[in-house]
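Subject: Handover of a structure and findings

Dear colleague,

Please find below the sequence and structure that I am handing over to you. My findings are set out after it.

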Amino acid sequence: MKLIQPFAGWRPRPGLASEVAAPPYDVLSSQEARLLVKDHPHSFLYVSKAEIALDSALSPYDEQVYQTAAQRFDSLKEQGILQQDSSPCLYIYQLTYKERVQTGVVAAASIAAYRDNRIRKHELTRPDKENDRTRLAEVLSAHSGPVFLIYRHAEPLDALIQQIQNASPPDESFLADDGVHHALWVISDQALIAQLVELFEQQPRLYIADGHHRSAAAARVAERQPAADRFLAVIFPDKQLQILDYNRVVKDLRGLSVTQFLQAVQQHFHVAPAATAVAPKERHTFGLYVDKQWYQLSLEQKWIDESDPIASLDVALLDRYLLQPILGIVDPRRDQRIDFIGGVRGTAALQELVDGGSMAAAFSLCPTSLSELLAVADAGQIMPPKSTWFEPKLRDGLVVQTF
């Protein structure tokens, strides 16, 4: 089975992409999503995050949510708001934000390759989120949120993608509310499709950047429905990508006073009050915000084993020397006392959560590097949960793969 294949995608009717395509389900709270769709009645958030159409007291995992998602998806198709391409296609998807441009190929990726570790993971998943995306895919008979994959750049492949872009204007192009420009080229020419499929076949492996829950869910769906043997993916070259920080907030100090907590932190970290918000730029330094005060934390070098690609990650060091021993957060994937905030929201979002009282403390981290991610994946190892945040985010509903 080839690593990638074309598919007949469902896409917004010409001129409606900006109204339909939506941010990923997991970067917005339900409240934020409700506000976002007020002026966008056809937003795909009504499918990917269907609780926003229901009573806010209802659990987002209630079966009614999934049935509502299926109804909304069917309605988009029946109204012609989503239309299916007449033949299997590949697609080029370009995102531009400020000075950064990244261009990838939208394809149906092999679940067999995912199971065989040719499509490599670097994180474990949270059961509740994996269950959620599995159920959504089942009721839709579709994968609507693309998995963000990485390939190691190769000149023949990169050149062909550029050649296709230069040959014609995009079939879809719009500027989203967040300032990201999205463009999509539809590749229906069978010769070009065959060339792209074969060039990707020369890649020894692909890497998951974002979408571990969606790919794991797709594999689970395929166990029950063997025909659903592929998942929706966009594959980008490594040289175009940037990882942002992925920060942490915790709900309580495990019964410690702020003074006791800071004393405990000083067992492994040098702690210095900071006059402004701390956004670390160097490895092994961290920001801490607690009780309306920022601190810079520097882990003492004697506690760091740089020869270990996992243990030397900042997310792992914070877990090992602070979150676990001091706050008792042993399993960040399941512990409801911790949450994760993408660096795109900045340190102000961390302060807001703590000052508002919903969280007791926040930790800002230096971004994991792409080379660290690839090294971990190549070693067949797993990073701690929520180690990487990629930006800009791919839009749901721009191309949907049914099965």
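The model is predicted, so local features are reported only at pLDDT of at least 70 and side-chain atom pairs only at pLDDT 80 or more, while totals for chains, interfaces and linings use all residues. Residue numbers start from 1 along each chain as its sequence is written, and side-chain values rest on heavy atoms, with hydrogens and water left out.

Aromatic rings

A search of the whole structure gives eleven aromatic pairs. Rings of Phe, Tyr and Trp (its six-membered ring) pair if their centres lie within 6.5 Å; planes under 30 degrees apart are called stacked, those over 60 edge-to-face, and the rest tilted. Phenylalanine 44 and phenylalanine 73 form an edge-to-face pair, because their ring centres are 6.3 Å apart and their planes stand at 80°. Phenylalanine 44 belongs to the loop between helix 2 (30–36) and helix 3 (45–48), and phenylalanine 73 to helix 4 (residues 63–78), so this pair ties together parts 29 residues apart in sequence. Helices (H or I, at least four residues) and strands (E, at least two) are DSSP runs, numbered from the N terminus. Both phenylalanine 44 and phenylalanine 73 are buried; buried stands for under 20% relative accessible area, exposed for over 50%, and partly exposed for values in between (1.4 Å probe, protein chains only).

Tyrosine 246 and phenylalanine 340 also make an edge-to-face pair, with 6.3 Å centre to centre and 70° between the planes. Tyrosine 246 is in strand 14 (residues 246–250) and phenylalanine 340 in strand 18 (residues 338–342), so the pair ties together parts 94 residues apart in sequence. Tyrosine 246 counts as buried at 10% relative accessibility, and phenylalanine 340 does so at 9%. Elsewhere, ring pairs link Phe148, Phe236 and Phe390 into a cluster.

Two rings carry a charge over the face (NZ of Lys or CZ of Arg within 6 Å of the ring centre and within 35 degrees of the ring normal). Lysine 121 lies over tyrosine 114 at 4.8 Å from the ring centre, and arginine 133 over tyrosine 25 at 3.6 Å.

Helix 12

Helix 12 (residues 346–355) has Ala349, Leu350 and Val354 buried. These residues lie on the same side of helix 12, because they cover an arc of only 130° around the axis (taken from the directions from the helix axis to the C-beta atoms). Ala348 and Glu352, on the other side of helix 12, are exposed. The buried residues of helix 12 pack against strand 14, strand 16 (285–290), strand 17 (293–299), strand 18 and strand 19 (361–365), where contact means heavy atoms within 4.5 Å.

Selected buried residues

Threonine 125 is placed in the loop between strand 6 (119–120) and helix 6 (127–140), and at 14% relative accessibility it counts as buried. Leaving aside neighbours within four places in sequence, threonine 125 is in contact with Glu130, His212, His213, Ala216 and Arg333. In helix 6 itself lies threonine 134, which is buried at 2% relative accessibility. Not counting residues up to four places away in sequence, threonine 134 touches Ala217, Arg220, Val221 and Arg224.

No disulfides (pairs of cysteine sulfur atoms within 2.5 Å) were found in a search of the whole structure. Cysteine 89 is buried, with a relative accessible area of 2%; cysteine 366 is buried too, at 11%.

Backbone details

The peptide bond from glutamate 391 to proline 392 is cis, with omega near 5°. Proline 392 sits in the loop between strand 20 (389–390) and strand 21 (401–402).

Asparagine 117 is not a glycine, yet it has a positive phi of about 70°. Asparagine 117 is in the loop between helix 5 (111–115) and strand 6, and is partly exposed, with a relative accessible area of 29%. Aspartate 291, likewise not a glycine, has a positive phi of about 55°. Aspartate 291 is in the loop between strand 16 and strand 17 and is exposed, with a relative accessible area of 56%.

Yours sincerely
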